[in-house]
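Some of the labels used for a protein model rest on cut-offs.

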Amino acid sequence: SWRSCTLCPPPTLHTTPPVHQLGKMSAAIQSCTPLVAQAKAGNTNRSATVARVAAPKASRSVRMNKLGASSFQGQSLQAKAATPKAVSRQNVVEVVSSGAPLNRKLKVAVVGGGPAGACAAETLAKAGIETYLVERKMDNCKPCGGAIPLCMVDEFDLPMEIIDRKVTKMKMISPSNREVDVGRTLSETEYIGMCRREVMDDFLRRRAESLGANLVNGLMMGLDKPTTKDGMYTLHYNDYSTGSKVGTPASVEVDCVIGADGANSRVAKEIDAGEYDYAIAFQERMRIPDEKMEYYKDMAEMYVGDDVSPDFYGWVFPKYDHVAVGTGTVINKKAIKKYQDAIRSRSAKKCGDGKIIRVEAHPIPEHPRPRRVQDRVALVGDAAGYVTKCSGEGIYFAAKSGRMAAEAIVERTQNGTLAVDESDLRVYLDKWDRKYWATYKVLDILQKVFYRSNPAREAFVEMCADEYVQKMTFDSYLYKTVVPGNPLDDIKLLGNTIGSLVRANALRREVAKM
């Protein structure tokens, strides 16, 4: 779904944050500087080696040196070569690696070829690690709003060709159909990118392949765990590269496995990662009349209300030559078709009689899994449960987690020259939790506060009309960093937030009496 949300704007951090300050806490956590990995004490069985590597804040993004063009509906995608970026001396830090030297390349299997898996494979392959990227559906169209923050374009070196639309105008639409424009504070150069996942994912996979990753068109069937401490994992999969409908059984032996295979992760099941609740996202892609498409060329809409979802929102997002209309829910999955009918009905005046060209549905995780690392297996992206509540943002966090897991392996094994173990993978997990744990908790609270009833949703939309709210929210979303607030405006916002919630509660009581 659309990976943005007009939340309360951020003032300062508190141990127990009031509602008006939760947005700031979320942004603050996203800006934390990743900690330098340290070798765990007490490891006497493995030789310690010190490697000098670039600090996490240094750019690690790469472009393909050369990639064959791929196309989708007439669009040609061509990656651009990048000039290596110099690393400042002040960005060089000591990272302790513990692992026995290898007389061969380290071997890693990445299961799942979405943003998480592709970005992990790219980082590993660039470092010279023997990488296998396993993906069953090379043309997979995940039911996803496809929104990406502006900072992701530069951080992951994404070419403009994969961005269908640059959204600069947005509307929040309340249960009573009150419309609030929420993009007024964006500058001329700021936008939210709208992508089709089949185009974006294909680009990321091909870039990883161009850097040396082995791209495997296969479906994971099982994972044999090693019987000795330094033994190999055997990944079993069905190979579909020959065009067979049932696939040909095959296997590969690897030192480490990264599970990036989505909410129904088979890798997660292999390590008994634990269950979690999930939402059902349902989306219809519609081709609408040209005059209607003109309205949506740079416009995105979010609808809230019990009719479109009891605990989320409905959306209309523009794509290359069509719009995506969808919704999602956790608490009433069986009624997803009813909610989809409602969002279609509420958006009918603007979308017109569109022709449905694709119907998509998929589970979306609601919180991180209880176990995300075991031995030499790590989970990233949706497989790990990295989708935020309230906003439903997941693409950026998927790509980021895949890269962070791969970077931990690269740094701790000195570009794959040392053996890897669980302590190396836990470096990634510790960094991730320190950086983003509070983000997920805060957005969970916001969803419970503002999505609990229609009066609360009306209050939420009312708050979104405030330009200060918009500026702080979008600055934090677009750049994934803390934006200092103005104390006077923060005080004013606190009063407005309390007033909105009081009115919402009063309205809810009146509705209950009726």
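Q: How much of the protein is made up of buried residues, and what makes a residue buried?
A: Buried means under 20% relative accessible area, exposed means over 50%, and partly exposed lies in between (1.4 Å probe, protein chains only). Buried residues make up 59% of the 514 residues. This is a predicted model, in which local features need pLDDT of at least 70, side-chain atom pairs count only at pLDDT 80 or more, and totals for chains, interfaces and linings use all residues. Residues are numbered from 1 along each chain as its sequence is written, and side-chain values use heavy atoms, with hydrogens and water left out.

Q: How do you know what confidence the predictor has in the protein, and where does pLDDT stay under 50?
A: pLDDT is the predictor's confidence in each residue, from 0 to 100. Its mean for the protein is 81, and 75% of the residues reach 70 or more. Over residues 1–95 pLDDT stays under 50, and for this stretch the model has 259 contacts beyond four places in sequence. Contact means heavy atoms within 4.5 Å.

Q: What makes a set of residues a nonpolar core, and which members of the largest one touch the most others?
A: A nonpolar core is a set of buried Ala, Val, Leu, Ile, Met, Phe, Trp, Tyr and Cys residues joined through side-chain atoms within 4.5 Å. The largest has 109 residues, and Leu124, Met152, Leu158, Ile192, Met200, Ile258 and Tyr428 touch the most other members. Helix α11 (residues 422–450) gives the most to this core, with twelve residues.

Q: Why is this core said to lie between domain 1 and domain 2?
A: Both domain 1 (99–146 + 195–276 + 367–448) and domain 2 (278–365) give residues to the core, so it lies between them. The domain bounds come from an automatic or database domain assignment. There is also a second, separate core of 14 residues, which includes Met286, Tyr296, Tyr303 and Val316.

Q: Which residues is Leu158 in contact with, leaving aside its neighbours within four places in sequence?
A: Leu158 is in contact with Ile148, Met152, Val153, Met200, Phe203, Leu204 and Arg207.

Q: How do you know that the span of helix α4 is close to the expected one?
A: Helices (H or I, at least four residues) and strands (E, at least two) are DSSP runs, numbered from the N terminus. The expected span of a helix is 1.5 Å times one less than its number of residues. Helix α4 (residues 197–210) has 14 residues, and its first and last C-alpha atoms are 20 Å apart, close to the 20 Å expected.

Q: Why is α4 called mostly covered?
A: Eleven of the 14 residues of α4 are buried. Among them are Met200, Phe203 and Leu204, along with Arg197, Glu198 and Asp201. Just after α4, Gly212 takes a positive phi of about 120°.

Q: What makes β5 and β6 a strand pair?
A: Two strands pair if DSSP finds at least two bridges between them. The bridge partner of Val110 in β6 is Leu133. In β5 (residues 107–111), four of the five residues are buried.

Q: Why are β7 and β8 called edge strands?
A: The open sheet has three strands in the order β7-β11-β8, with antiparallel pairing. β7 (147–148) and β8 (165–167) each pair on one side only. Three bridges join β8 to β11 (residues 192–194), and Val167 stands opposite Ile192 in β11.

Q: Is Asp272 buried or exposed, and what about Cys390?
A: Asp272 has a relative accessible area of 58%, so it is exposed. At 1% relative accessibility, Cys390 is buried. Asp272 is not a glycine, yet it has a positive phi of about 50°; Cys390, also not a glycine, has a positive phi of about 70°. Asp272 sits in the loop between α5 (266–270) and β16 (278–287), and Cys390 in the loop between α9 (381–384) and α10 (395–412).

Q: Why is Pro289 called partly exposed?
A: Its relative accessibility is 29%, so Pro289 counts as partly exposed. Pro289 lies in the loop between β16 and α6 (290–295).
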